[in-house]
Amino acid sequence: METQVAIVGAGPAGLVLARLLERQGIDSVVLEVRSREYVEGRVRAGVLEQRTVDLLTEAGVADRLQREGMVHAGLELRFGGRGHRIDLSELTGGRTITVYGQQEVVKDLIAARLSAGGALRFAVSDVELAEVESERPAVRFRHDGEAHELRCDAIAGCDGFHGICRAAIPPGALTVYEREYPFAWLGILARARPSSEELIYANHPRGFALHSMRTPEVTRLYLQCEPGEDLGAWPDERIWAELQARFELTEGFRLNEGEILDRGVTPMRSFVVEPMQHGRLFLAGDAAHIVPPTGAKGLNLAVADVEVLADALSAFYRDGDERRLAGYSERCLRRVWRVQHFSSWMTAMLHRPPGQDPFEAQLQHSQLEYVCRSRAAATTLAENYVGLAEV
Ligand code: FAD
Ligand code: PHB
């Protein structure tokens, strides 16, 4: 088998890349270890930056997103007994974010890929990369009981944090930057009307909590918990009681409750590898970096990477110009580090680390007040949250 670009992983990074290449007439094959049902059912992120929405729209995969996505012009920070609205739109010259589940983005991209007749294989196994330092690298894999070798000009490693692509780079060629956090998020999806029109990021003495949504009937909620928390210790009543307590900072506020449709624990990590490329292998999205979800950036950053990669591949095929491919990692990493900083700043400002000392708690409170009182500080939050156009 042959193609121009072999794409490992059918998450947002791999599927958006396949779509962008398709629009440039560049042939690709997408390989995914999981089934279509699994990939389409995986509940993850929900906030799309305006530039992500614009890119999906230009790529012709945003019809449903335009109809069903919930456009938000602001968010609430809740702490110290009060809610404070950050007017994202007013602070950023009219920019907004759109709430639309990652799994819906993935469903739309898969449908578009298959209806365009693009190659996309689910449930492959034993994926291995070969000769990534050559001009004709290969991906070996098994599918339907048969062994295959896919030769290509370039491999896009879009296989997420636990994928195999990053490990195909000799360790000596990589620098790893990493930070673990002493907490995680317990997330639920509930059949309940959102309790507020906007997202609420709450800093409560019992820990962080987040109110988000998916549709006018479905709420997405998170609460800070222990890393590796056992879900068995969290029956529905305990989840709701804890969420109610953490949002109750504002008098008279009650969360709408409902059937819990999905639940999971998300670890919190900051992680970057540099460079994001080796020979003809290019890492994109979670394969190259992880951000804690407090800034709502993981998915948006994955899309930003593949926009750069599609642009570089298109220059390569159009003019034989390899310079943009050579500069891929450097170009991506500027945004990656900006987003790393923003995500870790939001995380530090909103969570209660175990054993937080009182001095630290006062600093955190002062920082939150400053963000809510100072237009300059609020703009810093807003412009990063909606997504910086240039970095
Ligand atoms: P992924 O979405 O991880 O896609 C990688 C794909 O590669 C997967 O489909 C995987 O099955 C496949 N794959 C893996 N190994 C192989 C292989 N060997 N061969 C072929 N395919 C392979 N971000 C937020 O902003 N908010 C959130 O609430 C949030 N929650 C999250 C919860 C969880 C449990 C996780 C893991 C992430 C969460 N994120 C969240 C982050 C966000 O979802 C990711 O940043 C985003 O999915 C990155 O997209 P990606 O395409 O790079 O990687
Ligand atoms: C979500 O809706 O899943 C979501 C929203 C904001 C975040 C993280 C996740 O910061």
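**Entry 1: the three-stranded sheet**

I began with an open sheet of 3 strands, ordered E3-E7-E4, and found its pairing antiparallel. I noted that I am reading a predicted model. I looked for the edges next. They are strand E3 (47–49) and strand E4 (70–72), and each pairs on one side only. From one strand to the next, the twist averages 30°.

I then followed one pair. E3 and strand E7 (residues 97–99) run in the antiparallel sense, with 3 bridges between them. Glu49 stands opposite Ile97 in E7. I also checked what lies against this sheet. Helix H3 (residues 50–58) packs on it and touches E3 and E7. The direction of H3 makes about 80° with that of E3.

**Entry 2: the six-stranded sheet**

I turned to another open sheet, which 6 strands form. I read its order as E8-E2-E1-E12-E19-E18, and its pairing is mixed. Strand E8 (119–121) and strand E18 (277–278) are the edge strands, each pairing on one side only.

Strand E2 (residues 28–31) pairs with E8 in the parallel sense over 3 bridges. Val29 has Ala119 in E8 as its bridge partner.

**Entry 3: two helices**

I looked up how helix H10 (residues 328–350) sits against helix H11 (residues 358–373). They pack at an angle of about 115°, and their axes are 8 Å apart. From H10, I listed Trp345, Ala348, Met349 and Leu350. These meet Gln364, Gln367, Leu368 and Val371 in H11. I sorted the contact by class: 6 nonpolar, 2 polar and no charged residues.

**Entry 4: around ligand 2**

Which residues are closest to ligand 2? I found Tyr201, Ser212, Arg214, Tyr222 and Pro293, out of 15 residues that surround the ligand. By class, this shell divides into 9 nonpolar, 3 polar and 3 charged residues.

I traced the shell back to its strands. Strand E14 (199–204), strand E15 (207–215) and strand E16 (218–225) each supply at least two residues. E15 gives the most, with 3 residues.

I then went through contacts to oxygen atoms of ligand 2. A polar side-chain atom of Ser212 lies 2.6 Å from one such oxygen atom. For Tyr201, a polar side-chain atom is 2.7 Å from an oxygen atom of the ligand. Ala296 uses its backbone: an N or O atom there lies 3.4 Å from an oxygen atom of ligand 2. Last, I checked the cover. Ligand 2 taken alone exposes 280 Å², and the protein buries 97% of that.

Methods. Residues numbered from 1 in each chain as written. Chains lettered and ligands numbered in written order. Predicted model: local features only at pLDDT ≥ 70, side-chain atom pairs only at ≥ 80, totals over all residues. Heavy atoms only, no water. Near = heavy atom within 4 Å. Polar contact = N/O pair within 3.5 Å; in protein donor to acceptor, adjacent residues only side chain to side chain. Areas by Shrake-Rupley, 256 points an atom, 1.4 Å probe, with all protein chains shown as cover. Helix = DSSP H or I, 4+ residues; strand = E, 2+ residues; numbered from the N terminus. Nonpolar A, V, L, I, M, F, W, Y, C, P; charged D, E, K, R; others polar. Axes fitted to C-alpha atoms, helices over the stretch in contact; angles between N-to-C directions. Contact = heavy atoms within 4.5 Å. Pairing = 2+ DSSP bridges.
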